Amino acid sequence: VVTGGQPAAQRIPGGSTDPARQQSLRRHNLALVLAHILSGGPAPSRADIAGQVGLTRTTVSALVEDLVQARLVTELPALRSRTAGRPAVPLVPAAGTLAAVGIEINVDFLGVRVLDLAGEVLAEKVLAGDHRSSDPDRVLRSVATLVTTVLGRLDGDIPVAGACVALPGLVDSPAGPLRLAPHLHWSGVDVAGRLATVRALRGVPVRLANEATLAAQAEAARRGPESFLYVSGEVGIGGALVRDGRVRLGDHGWAGEIGHLTVDPRGPECDCRATGCLEVFAGQDALRRAAGWELDRPVAELSTAGGPAVVEALRQAGEALGIALAGAVNLLDVQQIVLGGCFAPLAAELVPAIDAELRRRVLSAAWAPVQVQAAVVGDYPALTGAATAVIDAVAADPASWSARIA
Ligand SMILES: [Zn+2]
């Protein structure tokens, strides 16, 4: 779950007796040990962790006891050892002991997905809707109802650790506001503040992030330390550059708005008020219009629908994606592109036209052909990324989560 590099273990130099310093080192080391248990590899024992983080076995054992007390870590049955000595006890993330709430507000749906520390889905629900040019108050009331319904399905004693909201627009701080979401026609909306008043979320942190950023983080968590340009196909098109498993956010957190790269300045007007952006050629609504479909039909059906209008809609979208992505690759030198959102189930149909443009336009294509693949994370990846962001916040400072070990 936790991606990226982990900080080194810290010891108290010269046996410092400063209580504040000891407390801060303990918190740091708790996070370090928990990160190893959450890392997704084979379940480590206390001795494995001690060997990896450079702390004594005794220190690691004390930290693990605290994490078990806090219901963040569970011990599996001991493995029979082949040599003398105590048998190793594998340590895994605790299942069903906390609720990490991922929420997504998008142009044609609202969603809530609740994960536990082990990454299992405890509850989820997605509601189709039409939020184009919508009233934020009305939509946020629907979100509140949806969150309340989904959290109402959990066992009553599972505490909510926090919520993270995936948004189809510009966010520069976890506290918000949402600066701009072109298709919703929202600007300056205090989404975190409004949702913090929902009874089921009262007293827990509510943070915001961009939808494509969160989807890319979910993809990166599955792929490990790879580098790729993630493209998220929704009604809008978002993106994120991932280097060595970490999303690069830019100066403000706004990087990756690939949907507003200009494909043809003489093209149709975009919801952002510019003309000829990638979205007006390859977003979900563009695909539906080109195929002659209503705006509520699932675009995933394009992969099997057939017929000349559908084939031409996919070719046009692939060509526009290829033109925009070629520009991005020339600028960023990234060799792998991951198609997410609605583009993942359409990858087989889109890739030929994308590839043709990449071969034509990327200067380095002869030496390092760009690889285009479908995302491996399943439906609604930003919901998974949002819930995972909550887990990451708990993992970053377990002592702040549990009064039992604070
Ligand atoms: Zn635009």
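Which loop holds Y380? Y380 sits in the loop between β15 (371-374) and α12 (381-396). Keep in mind that this is a predicted model. What makes Y380 worth a stop is its backbone: its phi is positive, about 55 degrees, although Y380 is not a glycine. Most residues other than glycine have a negative phi.

You'll find S133 in the loop between β5 (121-128) and α4 (136-152).

Next, look for P177, in the loop between β7 (170-171) and β8 (178-181). The peptide bond joining G176 and P177 is cis, with omega at about 5 degrees. Most peptide bonds are trans.

Now for the zinc ion. Its protein donors are H260 (through ND1) and C270, C272 and C277 (each through SG), lying 2.1 to 2.4 Å from the metal. The angles between the four donor atoms run from 106 to 120 degrees, so the arrangement is tetrahedral. Along the sequence, the donor residues follow the spacing H-x9-C-x1-C-x4-C. H260 and C272 both lie in the loop between β13 (246-248) and α7 (279-282), so this pair ties together parts that are twelve residues apart in sequence.

How accessible are those two? H260 is partly exposed, with a relative accessible area of 23%, and C272 counts as partly exposed at 30% relative accessibility.

Methods. Residues are numbered from 1 along each chain as its sequence is written. This is a predicted model: local features need pLDDT of at least 70, side-chain atom pairs count only at pLDDT 80 or more; totals for chains, interfaces and linings use all residues. Side-chain values use heavy atoms; hydrogens and water are left out. Donors are N, O and S atoms within 2.8 Å of the metal (3.2 Å for Na, K and Ca); water is not among the atoms, so sites may look incomplete. Four donors count as tetrahedral if all angles lie between 85 and 135 degrees; four count as square planar and six as octahedral if opposite donors are over 155 degrees apart and all others between 65 and 115; anything else is irregular. Helices (H or I, at least four residues) and strands (E, at least two) are DSSP runs, numbered from the N terminus. Buried means under 20% relative accessible area, exposed over 50%, partly exposed in between (1.4 Å probe, protein chains only).
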